[in-house]
Amino acid sequence: FGDQRVVWTISMLMHLSRGTSIDRNAASPTRASFVRQIRRLQSEVQKQDFSIPGMSEDALKSRIRRIKDNLDLLLADLGIHHLTTTFEQIRFLQSHLWKVKQRHSPIDTILSSAMRALEDAVHSSLRESPGGSPARRVFVKSSELQESLEEAVFTCGLLEQLARAAQGLFDVTPFPAEEARRFLAPSSEPGFFRDVLELGDRLQAIRIGNMASTEDVEVFRRLRLRVLLDLWDESLPLQRALRHFVVPLRETLVQAMTQAAKSFAERNHPWQHAFERCLPSLQGEVREWRVLVDHQLLREVLRNLCTNVRHTFSDLVTPDASVAARVEWQFREFDEVSENEDRIHFVEFEFRSIGRSFDAELFEKYRGSLTLSQHIFDIRRFGGSLTITAGAGGGRSGCTVVLRLVARDD
């Protein structure tokens with residue numbers, strides 16, 4: 001699976017099978033079997049020895065990453081990576097831009113290798129037939145160049161997927177329009193997407209026609225540099241946008257609780273001591289959990305949970321309830337396999353309000369309120385969930401809030 005031709009062949013066979021048992025939109029046993037097999041191969045990659053005598057560590061890492069990317073592209077052929085939700089777009093971008101350093105990425109190594117091979121071929125032909133303008137094309141054909149160009153064209157397909165995911169990401173990221181314009185621009189306008197398409201088209205034309213010029217080499221060099229900078233330069237918008245969605249959960253929760261407690265104290269609210277037990281232990285917790293979500297959304301949800309959802313339930317308290325309120329919490333981590341056989345790591349925060357009883361009918365009415373429903377919907381956009389139920393700690397009084405978020409994809 002490190003050979004692009006192998007992947008092309010399998011991909012072509014799957015495309016020829018459209019409308020049959022492996023239709024990408026059908027939940028068929030055959031398609032599910034394909035997905036399971038590819039997921040199994042992905043999990044086995046790290047356990048295998050792909051080294052070749054004399055191969056450097058960087059080359060080995062690049063080879064392993066190429067195998068993973070090729071398997072990932074086969075999953076895309078099966079309809080796994082639709083990249084229609086914010087959650088899918090962020091995870092897809094993180095998997096290619098954060099899980100691997102640029103120098104180990106097949107995107108970088110394959111494009112660099114193709115550029116060197118093309119440059120050598122053009123200069124070799126010009127030595128035999130010098131003269132003419134930089135635009136003059138000369139015959140360039142060798143098995144090494146053809147293989148490098150094939151891999152580069154295939155890589156441009158992956159770059160197109162990254163470009164589409166980046167467009168979706170900037171659609172929902174609070175970025176200045178001027179900074180996001182390069183990634184939001186359609187392929188017909190100057191921007192990242194058009195650079196990717198132009199790069200692929202030029203390489204394909206050279207591969208098919210076996211003709212290239214020094215001008216082609218310079219355009220290739222310029223496009224490659226611009227695309228790689230857009231993807232990996234931490235000062236540019238894409239990397240900054242991805243960091244926007246990696247949020248410290250414990251720190252944000254401490255801030256929300258502290259603000260709520262301060263607000264209650266200023267108003268001499270009867271529930272101002274609800275956080276006295278849990279807040280110090282939460283502040284003293286050494287571990288931080290970084291989760292995939294919009295920072296402003298998480299702040300808003302936690303603020304509402306700490307102030308509104310729990311502490312404005314006074315109108316829901318039955319007349320005979322008199323137990324003092326307190327709040328308890330716990331974190332837990334776990335992996336879960338999605339319907340597409342994708343293993344996702346979650347962090348779950350459980351927030352228990354112990355004490356006062358609730359009027360069940362009024363509680364259900366509140367749970368369906370617009371604000372809470374919107375929070376639940378927004379958290380789902382990032383692959384998480386938010387649930388609120390009456391009762392806490394196995395009893396009938398109080399309530400339990402469970403916020404589940406996807407852990408940062410390292």
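**Close-up views of a predicted model**

**Figure 1. The loop residue N210.** N210 is found in the loop between α8 and β2 (211–212). The model shown here and in the other views is a predicted one. The phi angle of N210 is near 55°, a positive value in a residue other than glycine. Its relative accessible area is 11%, and buried means under 20%, so N210 counts as buried.

**Figure 2. Packing of helix α8 against helix α9.** Two packed helices are described by the angle between their axes and the distance between the axes. For α8 and α9 the angle is about 145° and the axes are 10 Å apart. The crossing of α8 past α9 is left-handed. On the α8 side the contact is made by F192, D195, V196, E198, L199, R202, L203 and I206. On the α9 side it is made by D216, V219, F220, L223, R226, V227, D230 and L231. Sorted by class, the contact of α8 with α9 has 10 nonpolar and 6 charged residues, and no polar ones.

**Figure 3. The salt bridge between R182 and D195.** The side chains of R182 and D195 form a salt bridge, with a distance of 2.5 Å from N to O. R182 belongs to helix α7 (residues 177–184) and D195 to helix α8 (residues 192–209), so the pair ties together parts that are 13 residues apart in sequence. R182 is partly exposed, with a relative accessible area of 24%, whereas D195 is buried at 6% relative accessibility. A network of salt bridges that share partners joins R137, E198, R202 and D216. Among these residues, E198 and R202 of α8 and D216 of α9 also take part in the contact of the two helices.

**Figure 4. The salt bridge between R221 and E119.** The structure holds 17 salt bridges. In one of them, the side chains of R221 and E119 meet at 2.7 Å, N to O. This pair links distant parts of the chain, with R221 in helix α9 (residues 214–232) and E119 in helix α5 (residues 106–128), 102 residues apart. R221 has a relative accessible area of 27% and is partly exposed.

Figure 5. E160 and R164 both lie in helix α6 (residues 143–172). They are 4 residues apart, about one turn of the helix. Their side chains meet in a salt bridge at 3.7 Å, N to O. E160 counts as partly exposed at 25% relative accessibility, as does R164 at 47%.

**Figure 6. Aromatic pairs between strands β5 and β6.** The aromatic pairs in the structure come to 7. F331 and F349 form a tilted pair, 5.0 Å from centre to centre and with 45° between the planes. F331 lies in strand β5 (residues 326–337) and F349 in strand β6 (residues 343–354), so the pair ties together parts that are 18 residues apart in sequence. F331 and F349 are both buried. F334 and F346 form a stacked pair, 5.6 Å centre to centre with 20° between the planes. This pair links distant parts of the chain, F334 in strand β5 and F346 in strand β6, 12 residues apart. F334 is buried, and so is F346.

**Figure 7. The aromatic cluster of four phenylalanines, F170, F175, F183 and F192.** These residues form one aromatic cluster. F192 is also one of the α8 residues that make the contact with α9.

How values were computed
Residues are numbered from 1 along each chain as its sequence is written. This is a predicted model: local features need pLDDT of at least 70, side-chain atom pairs count only at pLDDT 80 or more; totals for chains, interfaces and linings use all residues. Side-chain values use heavy atoms; hydrogens and water are left out. A salt bridge is a side-chain nitrogen of Lys or Arg within 4 Å of a carboxyl oxygen of Asp or Glu. Buried means under 20% relative accessible area, exposed over 50%, partly exposed in between (1.4 Å probe, protein chains only). Axes are lines fitted to C-alpha atoms, for helices over the stretch in contact, and angles run from 0 to 180 degrees between N-to-C directions. A crossing is left-handed if the near helix is turned anticlockwise from the far one by less than a right angle, and right-handed if clockwise. Contact means heavy atoms within 4.5 Å. Ala, Val, Leu, Ile, Met, Phe, Trp, Tyr, Cys and Pro count as nonpolar, Asp, Glu, Lys and Arg as charged, and the others, Gly among them, as polar. Rings of Phe, Tyr and Trp (its six-membered ring) pair if their centres lie within 6.5 Å; planes under 30 degrees apart count as stacked, over 60 as edge-to-face and the rest as tilted.
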